[in-house]
Structure formats: structure tokens, C-alpha cells
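Here is a short briefing on one protein model. Read it with the sequence and the coordinates open.

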Amino acid sequence: MFNAKKNRFVAATVAAVVLASSAPASFAATASGTLTISASVVAACTVVGSAIAFGAYTQSVVNQSGTITVLCTNGTAYNVGLDAGTGTGSTVGNRKMSAAGGGTLNYALYRDAARTSNWGSTIGTDTATGTGSGLTQTLTVYGQIAAAQTPLAGAYSDTVTVTLTY
């Protein structure tokens, strides 16, 4: 009887080993799928203009400059235009500062340091162009008050609107 128990024990052990070795391993199979990733980058721009302070005018040419800071999404093409300003009778070719007493003082704004390229508001004609880099870009506005004007005494000012088109 001892041999029969021993034989059953050996048979049970062999059966357990066979079952264990023939069973599939845990987590041995794999499956795969995909994860779709997307984003959109919207073209966007901002613009900020500085002041241009000419100082005292004494019938001599006065040159001064200011800046326009542009921030556009990388790769975004843009145009920067300047309107005629708020002075009565102003045009982009002949801007006018006004004084409280009714006087005017003519001035011009240019895109180049030589002051030969008028800065206006017609895209493709007299605006500044650029392409955004994702970083701030600074454009210089070159201003000039021509000589030999005879304005009334007073404090003169004007407001010019900067328009960024992209």
C-alpha cells in the first residue's frame, strides 16, 4: 500500500509539473493600438507703438524716431500701416499736429532712416512688412518736422493709429 501511495504522489507531482509547464505564461500576449495627437497653432499678432517727442521747433528741420513693437506667431506674414493721424486736414503724406489755440505743425513719418519712404496705410504701397518669429520684433519709425514753418506758439500733438494686418 505504501508503494501505491508513493506512486499516486509521484503521479500527482508529474501531473502538476506537466500542467504547470504546458499552461500559458501570465501576461505573455500583447495587443497594440494608436493614440492620435493633434494641436493647432493659431496665427496671432499684437502691436504696441511708442511716443515720438520732437521737442522744441525753431523753424529748423527736427528729426526724431520712435518704435513699433510687433509680436506675431512664428511664420505669420504681417503689414504695419500708419494712418493720417487726427490733425485736421492730415493725410499720410502730410500729417499735422494741432495746438489748443488752433495752429497746426506739419510733420512726416518714414520707414527708413534716410526719410525717403513715407509710412502710410496702403498695403503693398507704403506699409512695413515682415514675418513673425514668435519673438518681439522692433520697427523704427523715423519722424521729421520740415524747416521754415511758421506755426503759432503752443504745445502741438497728434495721435496716429498703428494697424497691424496679418
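Cys45 and Cys72 form a disulfide, with 2.0 Å between their sulfur atoms. The model is a predicted one. A search of the whole structure turns up one disulfide. Further points follow by topic.

**Disulfide**
- The link of Cys45 and Cys72 is right-handed, with 120° about the S-S bond.
- Distant parts of the chain are joined by this pair: Cys45 sits in strand 1 (residues 45–49) and Cys72 in strand 2, 27 residues apart.
- Cys45 is buried, and Cys72 is buried too.
- A disulfide is a covalent bond between the sulfur atoms of two cysteines.

**Largest pocket**
- The largest pocket holds about 560 Å³ of space.
- Its lining has 26 residues. Ile52, Phe54, Met97, Tyr107 and Asp158 lie nearest the centre of the pocket.
- By class, the lining of the largest pocket splits into 19 nonpolar, six polar and one charged residues.
- Strand 2 (62–72), strand 5 (104–110) and strand 7 (136–145) each supply at least two residues of this lining.
- Strand 5 gives the largest share of the lining, three residues.

- An open sheet of three strands runs in the order 6-3-9, with antiparallel pairing.
- Strand 6 (128–131) and strand 9 (162–165) are the edge strands, and each pairs on one side only.
- The twist from one strand to the next averages 20°.
- Strand 3 (residues 77–82) pairs with strand 6 in the antiparallel sense over four bridges.
- Ala128 in strand 6 is the bridge partner of Val80.
- Strands of a sheet pair through backbone hydrogen bonds, either parallel or antiparallel.

- Gln59 has a phi near 70°, a positive value in a residue other than glycine. Gln59 lies in the loop between strand 1 and strand 2.
- Gln59 is partly exposed, with a relative accessible area of 41%.
- Arg115 is not a glycine either, yet its phi is positive, about 60°. Arg115 lies in the loop between strand 5 and strand 6.
- The relative accessible area of Arg115 is 16%. Buried means under 20%, so Arg115 counts as buried.

Technical notes
Residues are numbered from 1 along each chain as its sequence is written. This is a predicted model: local features need pLDDT of at least 70, side-chain atom pairs count only at pLDDT 80 or more; totals for chains, interfaces and linings use all residues. Side-chain values use heavy atoms; hydrogens and water are left out. Two strands pair if DSSP finds at least two bridges between them. Axes are lines fitted to C-alpha atoms, for helices over the stretch in contact, and angles run from 0 to 180 degrees between N-to-C directions. On a 1 Å grid over the protein atoms alone, a cavity is a set of points where a 1.4 Å probe fits but cannot get out, and a pocket is an open set with protein on both sides within 12 Å along at least five of seven lines; lining residues have an atom within 4 Å of a point. Grid points are joined across faces, edges and corners, and a volume is the space filled by probe spheres set on the points. Ala, Val, Leu, Ile, Met, Phe, Trp, Tyr, Cys and Pro count as nonpolar, Asp, Glu, Lys and Arg as charged, and the others, Gly among them, as polar. A disulfide is a pair of cysteine sulfur atoms within 2.5 Å. Buried means under 20% relative accessible area, exposed over 50%, partly exposed in between (1.4 Å probe, protein chains only).
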